[in-house]
Amino acid sequence: MSWTKVLAVDALSPGAREVVKVGNRKILLLNHESQLYAVDNNCPHLKLPLKSGKITESGAIVCTFHRSAFDLRTGEVQGWCAWPPGVGKVLSLVSQPKTLPVFPIRVEEGNIWVDVQEE
């Protein structure tokens with residue numbers, strides 16, 4: 001495992017999001033409903049940023065660009081390339097559904113640590 005200290009836990013208040021760089025990756029940290037998550041900041045569809053994505057009631061982050069949705073806990077696809085209507089089907093042919101990379105996270109001595117394996 002390659003645990004890296006990324007942020008003070010106090011810097012990620014409830015509802016907050018922060019993008020941190022670990023090696024060559026940009027990791028999106030989220031504090032959603034008092035639970036911490038670490039996911040790749042790039043949507044697996046076209047590699048666009050997820051930082052401003054909406055969080056659904058079922059705990060998925062939705063890409064603001066094409067509305068692909070991914071479970072924050074597992075990265076599993078909950079919806080693939082639904083937007084824009086009609087064109088979304090064509091865009092889904094560009095890239096087949098791929099899970100969103102998620103990373104183990106822990107809090108130790110007031111800091112958030114993320115385990116990121118380099119690509």
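Lys54 stands opposite Val62 of strand β6 in this predicted model. The strands concerned, β5 and β6 (residues 60-62), pair in the antiparallel sense over two bridges. They belong to an open sheet of four strands. Elsewhere, β2 and β3 form a hairpin, and the structure holds three salt bridges.

**Four-stranded sheet**

- The strand order is β5-β6-β7-β8, and the pairing is antiparallel.
- At the edges are β5 (54-55) and β8 (77-79), each of which pairs on one side only.
- Strands of a sheet pair through backbone hydrogen bonds, in either the parallel or the antiparallel sense.

- Strand β2 (residues 17-22) pairs with β3 in the antiparallel sense, over six bridges.
- Val20 has Ile27 in β3 as its bridge partner.
- Two residues lie between the strands of this hairpin.
- Gly23, in the turn, has a positive phi of about 60°.

**Salt bridge Asp40-Arg25**

- The side chains of Arg25 and Asp40 form a salt bridge, at 2.7 Å from N to O.
- Arg25 is in strand β3 (residues 25-32) and Asp40 is in strand β4 (residues 35-40), so this pair ties together parts that are 15 residues apart in sequence.
- Asp40 counts as buried because its relative accessibility is 8%, under the 20% cut-off.
- Arg25 is also buried, with a relative accessible area of 9%.

**Salt bridge Arg73-Asp71**

- Between Arg73 and Asp71 the closest N and O atoms of the salt bridge are 3.0 Å apart.
- Which of these residues is buried, with a relative accessible area of 8%? That residue is Asp71.
- Arg73 counts as partly exposed, at 49% relative accessibility; exposed would require over 50%.

**Salt bridge Arg106-Glu108**

- Arg106 and Glu108 meet through their side chains in a salt bridge with an N to O distance of 3.6 Å.
- That distance qualifies because the criterion is a side-chain nitrogen within 4 Å of a carboxyl oxygen.
- Arg106 is partly exposed, at 30% relative accessibility.
- Glu108 is partly exposed as well, with a relative accessibility of 35%.
- Side chains of opposite charge can pair when their charged atoms come close.

Note on methods. Residues are numbered from 1 along each chain as its sequence is written. This is a predicted model: local features need pLDDT of at least 70, side-chain atom pairs count only at pLDDT 80 or more; totals for chains, interfaces and linings use all residues. Side-chain values use heavy atoms; hydrogens and water are left out. Two strands pair if DSSP finds at least two bridges between them. Buried means under 20% relative accessible area, exposed over 50%, partly exposed in between (1.4 Å probe, protein chains only).
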